[in-house]
Amino acid sequence: MADKIILITGATDGIGKATAMALAKAGHTVIIHGRNEKKAEAVKQEIMAETGNDKIDLLIADLLSLADTRKAIDLFTSRYKRLDVLINNAGAFFNKVRETTAEGLEKTITLNLFAPFLLMQSLLGVLQKSPAARIINVSSAMHKRGGKPDFTDFQLEKTYKPDRAYGLSKLYLIWITRYFAKQLKENGINNVTVNACHPGAVATNFGQDADKGFFINMIFKIALRFMDKVEDGARTSIYLATAPEVQGISGEFFGSREKIEKADDKYYSTQHEQLVWDYCASIVKPYL
Ligand SMILES: NC(=O)c1ccc[n+]([C@@H]2O[C@H](COP(=O)([O-])OP(=O)(O)OC[C@H]3O[C@@H](n4cnc5c(N)ncnc54)[C@H](OP(=O)(O)O)[C@@H]3O)[C@@H](O)[C@H]2O)c1
């Protein structure tokens, strides 16, 4: 399809913005999600000027609020009857001290896991209207670094560390991707696929503003010099959104070089995957 309708979360900066720019250049309708309306409008103008594509729209929501996310979903479905690609790209690494949202949820897990879960579930209706829809969940190689999951302490009240919260949120994102792919298949929904990916180590604002503790702050600053350019970081998302050879592939984890990789399965089991799915479902239930 020449003109896909593509929604990208966190498209106001970094990898999401580079993904939006490339997909707009290719002529698709791109909906830029952002949390800051002014910044999102500026990005929209920049993309339209650089690509000559005027099919650029905005969707504003703070994904740290599931209520706000719900409102944005409703706004989207009132404007668009079909969605061809959902890229759950927004994500962040938070402070060394555990913080909760206004809804009382741990911030990292909310932004990196609950919000994508809610978006996938609530947008399934419009995704099914597409002849061939794709969901892309931007995870991370850091999914290997969260340590052992504790399902009695899902939101890390006892064992919070920013890298643990980030690593586990991205591990669980891979698990819910797999689970959702199986569910779609079991329910005979063959026109929607869902895959996760790692964009590589990319020089963006990612994690730069958070107070992660002296040592991790320093590593993040130094690492910037050796990281990939943002356009390289967007490659796998763009590939998964548009490449004909990805058609029909679902439930996989793609590495930064557009190849299927094996996610770290040290703590994986179908029971654990089910636990994570059920937990996410229980959290987002009031917003479905
Ligand atoms: N950079 C890397 O090396 C790397 C490696 C592995 C995985 N990743 C993943 O790649 C994805 C993109 O990261 P990036 O490096 O491009 O980061 P980034 O430059 O910090 O951009 C993050 C995007 O998410 C948005 N965002 C942050 N908090 C939000 C919230 N509460 N509500 C709505 N939007 C919010 C940001 O909005 P604002 O513009 O308003 O800040 C921005 O558009 C993330 O999921 C990250 O975990 C990145």
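User: What share of the 288 residues in the protein is buried?
Analyst: Buried residues make up 55% of them, where buried means under 20% relative accessible area, exposed means over 50%, and partly exposed is in between (1.4 Å probe, protein chains only). Before we go on: this is a predicted model, where local features need pLDDT of at least 70, side-chain atom pairs count only at pLDDT 80 or more, and totals for chains, interfaces and linings use all residues. Residues are numbered from 1 along each chain as its sequence is written, and side-chain values use heavy atoms, with hydrogens and water left out.

User: Got it. How many helices and strands are there?
Analyst: The protein has 10 helices and eight strands. Those are DSSP runs numbered from the N terminus: helices are H or I with at least four residues, strands are E with at least two.

User: And how far does the C-alpha trace span along its principal axes?
Analyst: About 50 × 45 × 35 Å.

User: Okay, now the inside. Which residues touch the most other members in the largest nonpolar core?
Analyst: Phe76, Leu83, Leu86, Leu113, Phe114, Leu123 and Ile176 do, out of 56 residues in that core. A nonpolar core is a set of buried Ala, Val, Leu, Ile, Met, Phe, Trp, Tyr and Cys residues joined through side-chain atoms within 4.5 Å.

User: Which elements supply at least two residues of this core?
Analyst: Among them are strand S1 (5-8), helix H3 (66-79), helix H4 (107-122), strand S5 (133-138), helix H6 (162-186) and helix H10 (270-284). H6 gives the most, with 11 residues.

User: What does Ile176 touch?
Analyst: Not counting residues up to four places away in sequence, Ile176 touches Leu113, Phe117, Met120, Val276, Trp277 and Cys280. There's also a second, separate core of 25 residues, including Val30, Ile32, Ile47 and Cys197.

User: Switching to loops. Where is Leu156, and is it buried or exposed?
Analyst: Leu156 is in the loop between S5 and H6, and it's buried, with a relative accessible area of 0%. Its phi is near 55 degrees, a positive value in a residue other than glycine.

User: What else is found in the loop between S5 and H6?
Analyst: Met142 is one of the residues there. Met142 is partly exposed at 26% relative accessible area. Leaving aside neighbours within four places in sequence, Met142 contacts Phe93, Asp163, Tyr166 and Gly167.

User: How many Å separate the C-alpha atoms of Met142 and Arg164?
Analyst: They're separated by 9.2 Å, with the two residues 22 apart along the chain.

User: And what's in the loop between S7 and S8?
Analyst: Ser256 is found there, and Ser256 is buried at 14% relative accessible area. Apart from neighbours within four places in sequence, Ser256 is in contact with His198, Pro199, Gly200, Thr236 and Glu261. Glu258 is found in that loop too, between strand S7 (253-254) and strand S8 (260-261). Glu258 has a positive phi of about 60 degrees although it's not a glycine, and Glu258 counts as partly exposed at 23% relative accessibility.

Notes
Contact = heavy atoms within 4.5 Å.
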